[in-house]
Structure formats: C-alpha cells, structure tokens
Amino acid sequence: MTRLVVLGATGSIGASALDVAAELGDRLTVTGLACRSDWQGLAELAARWRPAAVAIEDEAAWKAAGGADAFPSGTEVLAGSSGVAELAAHGDADIVLNGIVGAAGLGPTLSALEAGRRVALANKESLVVGGDLVMQHAREPGRLLPVDSEHNAIWQLLEGRDRARVARVVLTASGGPFRATPRERLAGVTPQEALAHPTWSMGPKVTVDSATLANKGLEVIEAHHLFGLDYDEIDVVIHPQSIVHGLVELVDGTLFAELGPPDMRAPIRAALTWPDRVPVGRRTDLTALGGLTFERPDPHRFPMLALAREAGRAGGTAPAVFNAANEVAVEAFLRGAIGFLDIPAICDRVLAAHDARPARTVEDLLAADAWARAMAAGPAHSGTRAAGVG
Ligand SMILES: NC(=O)c1ccc[n+]([C@@H]2O[C@H](COP(=O)([O-])OP(=O)(O)OC[C@H]3O[C@@H](n4cnc5c(N)ncnc54)[C@H](OP(=O)(O)O)[C@@H]3O)[C@@H](O)[C@H]2O)c1
C-alpha cells in the first residue's frame, strides 16, 4: 500500500490527485493533506480521507479554523510554511504529491526529498527556482516523478532509452485562449478572457501562464533540470488540441509521442503507480480525438517563452527572478491592476535589471525571489519598455 501526502490538496491538482487516490482504492492511503488558507475545504477533505496530519500555511486561517477543532479528532494540525514543509517530511509517507502553486512549493519539495520521500511533482516552480538544489536529491530513478503532463509524457517516453540516442524533446502547448488573437487586441484582454482556457481546467495562475506562454517557458526550464538536457535540445510546438503531450526525437529521426485526452488524472496515475501500470478498464477512441495540428509559437505576441529561455540559459538566480516577477505580474493582472501585455514587460524589466549570481543555497534563491518581487511591484524604470504594478 502506498502512503500519500497531498500538498495543495484544495487546488485543481489536489482534486485530481484525490480522484486518482479514490480510484486506486486499497492500493493507496492518504496520510497527509495541506493547503494555504482554505481550511473549510481542507476540513472536508480530512473528514473524507482521515489523514494522520494536515497543514495550513496561512496561520490566520488556521486560527479562524479554531486550530485543531475543525478537523477529525486524532488529526495532527500543523500551521505556517514550516508546518507545510514539516508535513512533507512527516510520518512514514512513501510519496509526497506537490500541487502547491508558485515558488512556495520549493521548500516542501526539498523537505520531502531530504526526508527520503518520493516526490510526485506538479509544482514546476520548484524546479524553475531551485532546479540544481532539487536535482541534487533526485538523481536516483523514481525519486522525482513528473506530474506536469508534458514532462510526465517525456519521462515515460525516455524510460529505458539510451540518452545518447535522444536528439531532442518537444513540449506541446495548447496556445491558450489568445492563440489567434492579434497583438493589438492583446493589450485589452481581460482576466476573465485569459481564464477561459480552451482545453485544460486548471488553477488561475497556471491558466494565465498558459495564456502568456510563460507556462511553457517555465516548463522548458523544468525539462532542462528533470532530463538533464541543454536548452537547444528542448523545443516547443503549439498543438491546440492538447492530445499529444510530449515527443521525443531520436538521432535517426524516429519520433515518439505520448497521446491522451487533456486530463491530469492520467499523468498523476502514472506517477503514483510507477513503475507499475494499473488497468483503467477503458480504451481511448482514436476517432473521437479529431485532427491533430501543430504550429510554431509566435515570439512577437508571446515573448514570455523567449524570456524564460533567456533566464534559464543565464542560470543561477535568474530563473527564480523570472518566476517571481511573473508571479507578481500575474497576480496584478488578475486583480485588474495591469494589462495582459504588462506581464511580459514587467518580467523583461526585472530580468534586465538582474545580475544573475550562482544559487548555492535556498537562502540565495529566497533573496533573489524577494528582490524580484519588490522590483516587479515597483514603478517602471525609465529607458525600458516595461510597466510596474504599483
Ligand atoms: N491544474 C493543472 O491542471 C496543472 C497542470 C500541470 C501543472 N500544474 C502545476 O501544479 C501546481 C498547482 O496548480 P493548480 O492549478 O492545482 O493550482 P490551484 O488550483 O490554484 O491550487 C493551488 C493549491 O496550492 C495551495 N497553496 C498555495 N500557496 C500555498 C502555500 N504557500 N503553501 C501551501 N499551499 C499553498 C492552495 O491552497 P488554498 O486552496 O488554500 O489557496 C491550493 O491547494 C502549479 O505549479 C501548476 O503550474 C497544474
């Protein structure tokens, strides 16, 4: 029986992970659940799953919950970001599924890995911000199980393959709701329009990231760390149907693809049951998948992809800075403080002002993250193309 901890249990990935847990029945038991502030949602999940422990990152929410009173008796309740990191290393869990959104996921990822847990990773920001540190703990096969659908696809395609024969990997992107929107209209698009993703149903931050293509940029950095590939070996193609999740091309030109309907339960199932395969009792109707088309991403309308590559190539603290600037800009866009095109403008400005330094410790990364958040929230500098969010 696999003992599972779900971080970000009240979110979109958390819900899909718990669907898979329900489907797996006796093969799996949930021993821990964590959220940021949605203590009511967490209490409902705790009543259903009876974990040994839960964690709430937001201490004010924990107090509002009445401390441990909202949870089944016998459930240990941990609070604060240290409580979430503690839960990631708590008890005797086998796998920690990290479905936290944003750079806040890095600490719990490291905590779980340092405690010897396997980590099923949806939180791509862990690898974007702290890829070198995370991978130091995750070289052994099966320690880091990619949940992001593209990386899960490529991980499955690479398994057992001689890396010397791999020429490149290709990440697919849906293109988001503005795939065909002219640049002059992008300045005025609303958060509601950006949140209307054509193929995937996800949390707000990753949905906006999909609309700007920042998501694919973050995923390029994630793939660089996960698979030990150079940036030149990681391509991106727009595939509006979101049926092909990832491809691997060998040196002789043979191209392998992983296909399936856009449903995060499939990569989560593959990660949680690795190296086994569980029967799902159904077959995919290929004729229902429709046509598959591929396009090149447009760098003029979607500059976030190139900015992410620039940050990835610079390495050190640069990806953490890009990520933090993006998190601040997306939050500002969602509350209506800035326009859609201000998101890349802010990331461009903050990245241009940053001198990338080696990131040897978590403290180096946290300092870079904090600097970038302050820069992104500040007024635009003269002489740059960018806006501020203040
Ligand atoms: N959704 C998808 O289909 C999908 C696909 C691929 C990859 N991903 C990646 O998976 C991650 C989660 O995405 P999502 O769409 O599931 O996000 P989401 O729906 O917004 O859920 C985020 C979850 O993280 C929790 N959380 C946020 N900040 C936290 C903190 N500081 N400490 C502890 N918990 C915290 C939230 O708790 P509250 O509910 O209390 O706020 C919530 O449970 C992201 O990195 C995303 O890029 C998502």
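Me: What makes two strands a pair here?
Reply: Two strands pair if DSSP finds at least two bridges between them. Strands themselves are DSSP runs of E with at least two residues, and helices are runs of H or I with at least four, both numbered from the N terminus. This is a predicted model, in which local features need pLDDT of at least 70, side-chain atom pairs count only at pLDDT 80 or more, and totals for chains, interfaces and linings use all residues. Residues are numbered from 1 along each chain as its sequence is written, and side-chain values use heavy atoms, with hydrogens and water left out.

Me: Which strands do five bridges join?
Reply: Strand S8 (residues 166-173) and strand S10 (residues 244-250) are joined by five bridges and run antiparallel. The definition asks for at least two bridges, so S8 and S10, with five, count as a pair. Leu-171 stands opposite Gly-246 in S10.

Me: Why is one side of strand S9 and of strand S11 left without a neighbour in the sheet?
Reply: The open sheet has the order S9-S8-S10-S11, with mixed pairing. S9 (234-238) and S11 (255-259) are at its edges and have a single partner strand each, so one side of each has no neighbour in the sheet.
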